[in-house]
Amino acid sequence: KYSEALLSVKYRIKMPDGSMAGGPMYVLEHGLKMKWLAILFAAFTSVTAFGIGNMVQANSISVLVHESFQIPMWVTGLILTVLTAVVILGGIKSIARVCEGLVPFMAITYVLGCLIILGMNLQGIPDTVSLIFNSAFTGQAAIGGFLGAGMKEAIRFGIARGLFSNESGLGSAPIVAAAAQTKNPVRQALVSSTGTFWDTVVVCAMTGLVVVNSGEWMKGLSGAALTKQAFSDFHIIGPIVLTLGLLTFVFSTILGWSYYGEKAAEYLFGNKIIKPYRYLWILFVMIGSVLSLNLVWTFADITNALMALPNLISLIFLSGVIVNETKKYLWNENLDEEGE
């Protein structure tokens with residue numbers, strides 16, 4: 001996450017309107033001189049966005065609301081589609097304003113809610129942690145929902161969901177990192193790298209502890225149904241925390257990924273593609289809300305891998321640049337605070 005953000009700031013370009021544009025496609029073109037690979041990355045990103053950043057998110061919240069309140073999935077999808085349209089048709093400034101308010105609120109609320117839920121069954125936490133570690137290192141998955149899954153499946157889903165969670169190495173986050181108002185690529189890279197900790201080590205760990213601590217995973221449930229049942233065991237507070245947390249996570253992710261996909265499409269086709277891409281994005285929020293869960297996740301996993309490969313190639317072959325930039329900006333005491 002540190003490396004890809006650093007490279008994106010270093011190789012970004014200034015657009016005619018004065019804004020900055022960057023990301024792995026510009027790194028591949030200007031850093032590695034591999035325009036063909038840059039085009040591939042941009043093409044994969046513009047498609048991948050509809051999976052990881054759109055349909056999966058819409059599907060998650062529509063299924064949860066249906067499971068919790070018996071509201072038809074298409075109704076949730078329609079409401080989410082309208083809200084998405086209102087924000088993203090306003091452009092990056094509109095997206096930024098909404099996300100700036102949502103992200104801190106959702107993170108603090110969700111973590112506090114999970115801590116309260118775990119505190120209600122405090123005596124079960126040692127057994128929960130022990131079960132997680134024992135299951136992870138025995139070479140065989142735990143019983144119940146993961147019956148019959150071996151180490152191969154554990155690794156496959158671990159990598160897929162880990163990448164889905166924090167996007168480290170995927171190449172998405174550096175697209176927005178490149179738009180930061182800074183002249184110091186290392187400063188922005190350090191900020192970007194903290195996202196991995198908060199996304200996975202804090203938020204996902206909290207969710208995992210609540211799910212395992214509930215014991216509902218032994219009933220063969222999966223996806224939103226499993227999470228909903230685990231949180232529902234804690235009566236009123238559980239469903240509220242889960243629904244509110246997932247709704248804000250989903251909405252902010254849909255907004256953020258609309259920008260990633262849009263910038264990738266802009267790299268390929270220019271400004272003329274932006275409005276059509278936004279309208280298509282809004283349409284797929286509705287489509288994702290009513291599709292089957294397995295179909296949505298499979299599409300997302302395949303496109304994620306296609307998108308990550310070109311980005312990882314740039315990180316490997318430009319590792320020397322990453323080291324040099326770090327030495328230049330982080331360890332040179334003669335630089336001022338702005339890195340000048």
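**Figure 1. Lining of the largest cavity in the predicted model.** Phe-105, Met-106, Thr-109, Tyr-110, Val-241, Leu-244, Gly-245 and Thr-248 line the largest cavity. Two or more of the lining residues come from each of helix H5 (92-120) and helix H11 (237-269). The space in this cavity is about 40 Å³, and the structure holds one cavity of 30 Å³ or more.

**Figure 2. Lining of the second largest pocket.** This pocket has about 170 Å³ of space. Its lining consists of Ile-61, Val-65, Phe-69, Ile-71, Thr-76, Ile-79, Leu-80, Leu-83, Thr-243 and Leu-247. At least two residues each are supplied by helix H3 (35-69), helix H4 (73-88) and H11. H4 gives the largest share, four residues. By class, the lining has eight nonpolar and two polar residues, and no charged ones.

**Figure 3. Contact of helix H2 with H11.** Two packed helices are described by the angle between their axes and the distance between the axes. Here the axes of H2 (residues 24-31) and H11 come within 10 Å and cross at roughly 40 degrees. H2 is therefore oblique to H11. On the H2 side the contact is formed by Met-25, Tyr-26 and Glu-29, which meet Lys-263, Ala-264 and Tyr-267 of H11. Four of the residues in this contact are nonpolar and two are charged, with no polar residues.

Methods: Residues numbered from 1 in each chain as written. Predicted model: local features only at pLDDT ≥ 70, side-chain atom pairs only at ≥ 80, totals over all residues. Heavy atoms only, no water. 1 Å grid on protein atoms, 1.4 Å probe; cavity = no way out; pocket = protein on both sides within 12 Å on 5 of 7 lines; lining within 4 Å. Points joined across faces, edges and corners; volume = space filled by probe spheres on them. Axes fitted to C-alpha atoms, helices over the stretch in contact; angles between N-to-C directions. Parallel < 35°, antiparallel > 145°, perpendicular 65-115°, else oblique. Contact = heavy atoms within 4.5 Å. Nonpolar A, V, L, I, M, F, W, Y, C, P; charged D, E, K, R; others polar.
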